[in-house]
Amino acid sequence: MPEVTTTSEAGYSAENEVRDFSVTIDATGEDAPDTLETLLAAYGSCYVPALRVGGEQRGAGDLGKIEIDVSGDLNDDDKLDAVAFDIKWEAETDDETAQDVIDRAFELCKVHDAVKESLHAETTVETGAF
């Protein structure tokens, strides 16, 4: 079971102990990435290995280099309203296979599973990109 200890001595910045790692998150974004940036980074970081496994499982093989530009849209209350992934990977794949890989990666991604359904990331993909 994942465990994180979050500590804040003062202000809006928090130190997070994750196993033997320390990650600073600052709600204001002044001293470290803010909470939503961190969530988007976790989403993209989880989706990368899911794409790799999805590529192997859906006949695309090794996707090679992968790059995801993760963006989020905020609503009027400055809360995350939408997420988008612009994905590039090195391997050449046809559109149908690419979509199969993307769909399978969403099934595998633990962060995707943890966020509300309305935040399902809209995706674009550029294969053969590198």
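## Order of elements along the chain

Read from start to end, the chain of this predicted model follows the pattern β-β-β-α-β-β-α-α-β, which amounts to three helices and six strands. The C-alpha trace spans about 50 × 35 × 25 Å along its principal axes, and 29% of the 130 residues count as buried. Among the contacts with a separation of 6 or more, 51% are between residues 24 or more positions apart.

## The hairpin of β2 and β3

Strand β2, residues 13-18, runs antiparallel to strand β3, residues 21-26, and six bridges join the two. Within this pairing, Glu17 has Ser22 of β3 as its bridge partner. The hairpin has two residues between its strands, and Arg19 takes a positive phi there, near 50 degrees.

## The three-stranded sheet

An open sheet with mixed pairing is formed by three strands, in the order β4-β5-β6. Because β4 (66-74) and β6 (122-127) stand at the edges and have a single partner strand each, one side of each is left without a neighbour in the sheet. From one strand to the next, the twist averages 15 degrees.

Strand β5, which covers residues 80-89, pairs with β6 in the parallel sense over six bridges; as an example from these two strands, the bridge partner of Ala84 is Glu122 in β6. In general, strands of a sheet pair through backbone hydrogen bonds, in either a parallel or an antiparallel sense.

## Helix α1 across the sheet

Helix α1, made up of residues 35-57, lies across β4 and β5 and runs at about 145 degrees to β4. At 1.5 Å a residue, its 23 residues should span 33 Å, and the end C-alpha atoms are 33 Å apart, so the two values agree. At the start of α1, a side-chain oxygen of Asp34 comes to within 3.0 Å of the backbone nitrogen of Leu36, while the helix is followed by Gly59, whose phi is positive, near 85 degrees.

The buried residues of α1 include Leu40, Tyr43, Gly44, Tyr47, Ala50, Leu51 and Gly54. An α-helix has 3.6 residues a turn, so residues three or four places apart point the same way. What covers the buried residues of α1 includes the strands β4 and β5, together with the helices α2 (95-108) and α3 (110-114).

## Helix α2

Helix α2 has 14 residues and reaches 20 Å from its first C-alpha to its last, close to the 20 Å expected at 1.5 Å a residue. At its start, a side-chain oxygen of Asp94 reaches to within 3.1 Å of the backbone nitrogen of Glu96. Its buried residues are Thr97, Ala98, Val101, Ile102, Arg104, Ala105 and Phe106, and what covers them includes α1, β5, α3 and β6.

## The nonpolar core

The largest nonpolar core has 26 residues, and those with the most contacts inside it are Tyr43, Tyr47, Leu51, Phe85 and Trp89. At least two residues of this core come from each of α1, β4, β5 and α2, with α1 giving the most, namely six residues. In soluble globular proteins, nonpolar side chains tend to be buried together.

Which residues is Tyr43 in contact with, leaving aside its neighbours within four places in sequence? They are Val83, Phe85, Phe106, Cys109, Val111, His112, Val115, Leu119, His120 and Ala121.

Key:
Residues are numbered from 1 along each chain as its sequence is written. This is a predicted model: local features need pLDDT of at least 70, side-chain atom pairs count only at pLDDT 80 or more; totals for chains, interfaces and linings use all residues. Side-chain values use heavy atoms; hydrogens and water are left out. Two strands pair if DSSP finds at least two bridges between them. Helices (H or I, at least four residues) and strands (E, at least two) are DSSP runs, numbered from the N terminus. Axes are lines fitted to C-alpha atoms, for helices over the stretch in contact, and angles run from 0 to 180 degrees between N-to-C directions. Contact means heavy atoms within 4.5 Å. The expected span of a helix is 1.5 Å times one less than its number of residues. Buried means under 20% relative accessible area, exposed over 50%, partly exposed in between (1.4 Å probe, protein chains only). A polar contact is a pair of N or O atoms within 3.5 Å; within protein, one must be able to donate a hydrogen and the other to accept it, and residues adjacent in sequence count only if both atoms are side-chain atoms. A nonpolar core is a set of buried Ala, Val, Leu, Ile, Met, Phe, Trp, Tyr and Cys residues joined through side-chain atoms within 4.5 Å.
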